[in-house]
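Good morning, and thank you for joining this group meeting. Please look at the sequence and the structure as I show them, and keep both in view while I speak.

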Amino acid sequence: MHFSIPETEVRSGENGSTYVAYNIHVNGVLHCRVRYSQLLGLHEQIKKEYGSHVVPAFPPKKIFTLTPAEVEQRREQLEKYMQAVRQDPLLGGSELFNSFLRKAQQETQQIPTEEVHLEIYLSNGQKVTINILTSDQTEDVLEAVASKLDLPDELVGYFSLFLIREGLEGGCTFVRKLQEFELPYVSVTSLRNPEFHIVLRKSYWDSAYDNDVMDNRVGLNLLYAQTVSDIERGWILVNKDQHRQLKSLQEKGSKKEFIRLAQTLKYYGYIKFDPCITDFPEKGCHVIVSAGNNELNFHVKLPNDQIKEGSFKVTRMRCWRVTSSVPVANGTPAPCGAGKCEVKLELAFEYLMSKDRLQWVTITSPQAIMMSICLQSMVDELMVKKSGGSIKKMLKKRHNGSIHRSDSQQAVKSPPLLDSPDPNREQVVKLSTKLTSVTLRGISTSNSTSDISGNDFHGNYAFEGIGDDDL
């Protein structure tokens, strides 16, 4: 998740005095307003809990009133501080940090703690109304939905809550996966836009884990509803013959068989993102990106209007990073309005194109952070499988609170997926610390001879086939 403090405000206190408020944004949207003294209090608590050697530097107090230049300097320092804390796997996932953000979010939006009804959408558009407190965090809301649906405790960790925006003609834009530092009711109501909803979807990538979910009646129904929805949206490709088979199974009520057939179809289990821009194979190309099957899939429209398709395997990504920038006019950043800043987000990853050639590929998209979180969660599953562990146990531990790290925090300091064949490459491990940065120091030893199928990115843009002996 991208934390920033793009602006400050002069506000009036209770006794008529004024103070400077620092507006903390997440993914370009206002999350909370805080005073310097509040952040200093958080800093002191973190130091007390974890020790001074762990905590990043905090901007010092000033005796006199700050000048505009000093306010700007402090804003930049506080922004770096919040990003450093968030990116630290220990501090960023701590209940101390997350509870501070939840409380600040609620105070900023001026929503009192009270019982409310919250509608959670299923993939088929069905709504589940739950009774919660406005101060309930994401895990509380997820448990409430699971309880309402009679989903067993051991399956709760297989699902997550996502903030989405419904578009025209049934279109769906994934905004983000709801995190532990936010209050779902406050997050969705503060947007004041009926197009935004909270949706329950599965949170894993490997279709082998469908078996665990399908053994339960409720889990089967949820997975079936998501599969039907993805097919209707066109996220899963279906030809006429397959469509006929699926229709027949649907009419018979054969949900498991329906899912089994869907698992064999192209793009099953993928998340499809809105059209965006990439610099591959050349700058300014329009692209539709999908995430799934341990890869990012590209449908690229070239300048000559040709459409090319290719896939970038996560195990061949040396590292990736998300960066942001605010449009500048006459040397001054564009002002934020209505709690939202126009932030340009880019996901860039360094990819092993051939045996000795790494190349950066950049995607410019408002969903860049969501893409990054998808990549990291794929890595998490692969690492569990490589270590011989069970994702079922990992999900259960995370649900029970033994793991307090979101996908974005894990992205900061990930152990290597595979051992690096070249120790000299360790020098380029650390990338931008401005935002989420993921480092994979190893290269895949997949059984396939190429990560890009033979008809993908023809001509000058073709990837060279790489076998195990080449790595």
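This is a predicted model: local features need pLDDT of at least 70, side-chain atom pairs count only at pLDDT 80 or more; totals for chains, interfaces and linings use all residues.

Let us begin with a sheet. It is open and has 3 strands, in the order β1-β2-β3, and their pairing is antiparallel. Which strands form its edges? They are β1, covering residues 3-12, and β3, covering residues 29-35; each of these pairs on one side only. On average, neighbouring strands of this sheet are turned by 30 degrees against each other, with direction ignored.

Consider next the pairing between β1 and β2.

I turn now to the helices. Helix α1, residues 36-50, packs on the sheet and touches β2 and β3. The direction of α1 makes about 85 degrees with that of β3. Helix α2, residues 68-87, lies across β1 and β2 and runs at about 135 degrees to β1.

How many bridges does β18 share with β10? Strand β10, residues 276-278, pairs with β18 over 2 bridges in the antiparallel sense, and Ile277 has Thr364 of β18 as its bridge partner. Strand β17, residues 344-354, also pairs antiparallel with β18, over 8 bridges. Here Tyr351 is the bridge partner of Gln359 in β18. Together, β17 and β18 form a hairpin, with 2 residues between them.

Thank you for your attention.

Note on methods: Residues are numbered from 1 along each chain as its sequence is written. Side-chain values use heavy atoms; hydrogens and water are left out. Two strands pair if DSSP finds at least two bridges between them. Helices (H or I, at least four residues) and strands (E, at least two) are DSSP runs, numbered from the N terminus. Axes are lines fitted to C-alpha atoms, for helices over the stretch in contact, and angles run from 0 to 180 degrees between N-to-C directions. Contact means heavy atoms within 4.5 Å.
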